[in-house]
Amino acid sequence: MVIARTDRVSTVIGRDESLIDVFVSLSPAFERLRSPGMRKVMARLVTVEQAARMAGIDADELVSRLNGHDAAADAAAQATEAGNVMSMDTGSRPAALAAIDDERIVVLDVRDELRAGREPFSLIMGALRSVPEGGALVIRAIFEPVPLYAVMKRQGLEHWTEELAADDWRVSFYPPAADGVAKEATPAASTAPAPPTDAADPEGDVIVLDVRGMEPPEPMMRTLAALEQLPAGATLLQINVRVPQFLLPMLEERGFTYHVREQEPDLVRVFIRHSHQ
């Protein structure tokens with residue numbers, strides 16, 4: 001059957017799960033599709049064209065690659081890649097990580113959250129804030145949490161990844177040196193929205209969060225984290241380069257209303273408020 005731009009990602013993957021490899025080959029942002037839980041939340045909401053736009057790739061190229069996919073060849077390539085990952089992960093622990101005492105290591109298992117289709121980012125950032133000075137955060141997940149690497153890198157943390165099983169990954173986030181306290185891994189650095197810069201906006205008290213220039217899924221993660229601190233009566237204004245299709249259904253699930261203004265081709269403003277306002 002020919003795949004069209006308007007087909008939902010869940011429908012495409014439902015025909016042949018090996019097509020996930022095609023998505024991932026064009027953008028690492030699609031690694032999330034390997035998780036059944038994430039597919040349940042996101043893939044059923046988004047079309048192929050919307051997914052391409054959000055990942056910053058050409059929709060026609062994605063459709064062409066999906067329709068011309070050689071499942072056997074891609075499966076072999078994926079197996080080779082998986083073998084390379086395993087060979088990298090079986091090495092010795094980094095010295096900076098090995099030097100951290102067990103008492104300073106916080107372990108968070110989000111496998112059940114992911115299997116249930118829930119976004120565990122707020123749990124992860126909460127655990128990060130509880131890490132002792134100079135300590136490490138260990139995440140257990142059902143797939144390699146590639147999007148977290150860039151987020152944690154911004155906090156000054158390195159990572160070491162281990163694939164224990166096909167659905168069991170352990171990733172340690174730690175400061176580069178044993179005495180290198182992750183000084184930026186604080187609530188202010190990780191979750192605080194930018195200060196208001198649009199006080200004259202007629203919508204009322206506005207907290208501005210500019211996510212332009214960030215790689216997916218960081219814009220969504222930053223926005224959800226900021227909403228956890230949004231005061232009653234205030235509005236969170238997300239400034240984006242595209243309509244955040246993955247984010248919108250999550251806002252409704254969390255009790256927020258939103259209004260999208262597509263002002264220019266690369267300028268979208270999303271006004272988010274508590275639904276009871």
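Q: How many cavities of 30 Å³ or more does a search of the whole structure find?
A: The structure is a predicted model. The search covers the whole structure and keeps cavities of 30 Å³ or more. The number found is two.

Q: Which residues lie closest to the centre of the largest cavity?
A: The largest cavity has a volume of about 160 Å³. Its lining is made by 16 residues. Closest to the centre are E119, P120, F143, P145 and M221.

Q: Which elements each supply at least two residues of the lining of the largest cavity, and how does the lining divide by class?
A: A helix, α9 (121-129), a strand, β2 (136-141), and the helix α10 each supply at least two lining residues. By class, the lining of the largest cavity holds 14 nonpolar, no polar and two charged residues.

Q: Which residues of α10 are buried, and against which elements do they pack?
A: Helix α10 spans residues 146-154. Its buried residues are P147, L148, Y149, V151 and M152. The buried residues of α10 pack against α9, β2, β3 (158-165), β4 (168-174) and α12.

Q: Which residues make the contact of α10 with α12, and how many of them are nonpolar, polar and charged?
A: From α10, the contact is made by P147, V151 and R154. From α12, E218, M221 and R222 take part. By class, this contact has three nonpolar, no polar and three charged residues.

Q: Which residue just after α10 takes a positive phi, and of about what value?
A: The place to look is just after the helix α10. There, G156 takes a positive phi of about 85°.

Q: Is S27 buried or exposed?
A: S27 is in the loop between α2 (20-26) and α3 (36-41). Leaving aside neighbours within four places in sequence, S27 is in contact with A55 and I57. A relative accessible area under 20% counts as buried. The value for S27 is 6%, so this residue is buried.

Key:
Residues numbered from 1 in each chain as written. Predicted model: local features only at pLDDT ≥ 70, side-chain atom pairs only at ≥ 80, totals over all residues. Heavy atoms only, no water. Axes fitted to C-alpha atoms, helices over the stretch in contact; angles between N-to-C directions. Helix = DSSP H or I, 4+ residues; strand = E, 2+ residues; numbered from the N terminus. Contact = heavy atoms within 4.5 Å. Nonpolar A, V, L, I, M, F, W, Y, C, P; charged D, E, K, R; others polar. 1 Å grid on protein atoms, 1.4 Å probe; cavity = no way out; pocket = protein on both sides within 12 Å on 5 of 7 lines; lining within 4 Å. Points joined across faces, edges and corners; volume = space filled by probe spheres on them. Buried < 20%, exposed > 50% of the residue type's maximum accessible area, 1.4 Å probe, protein only.
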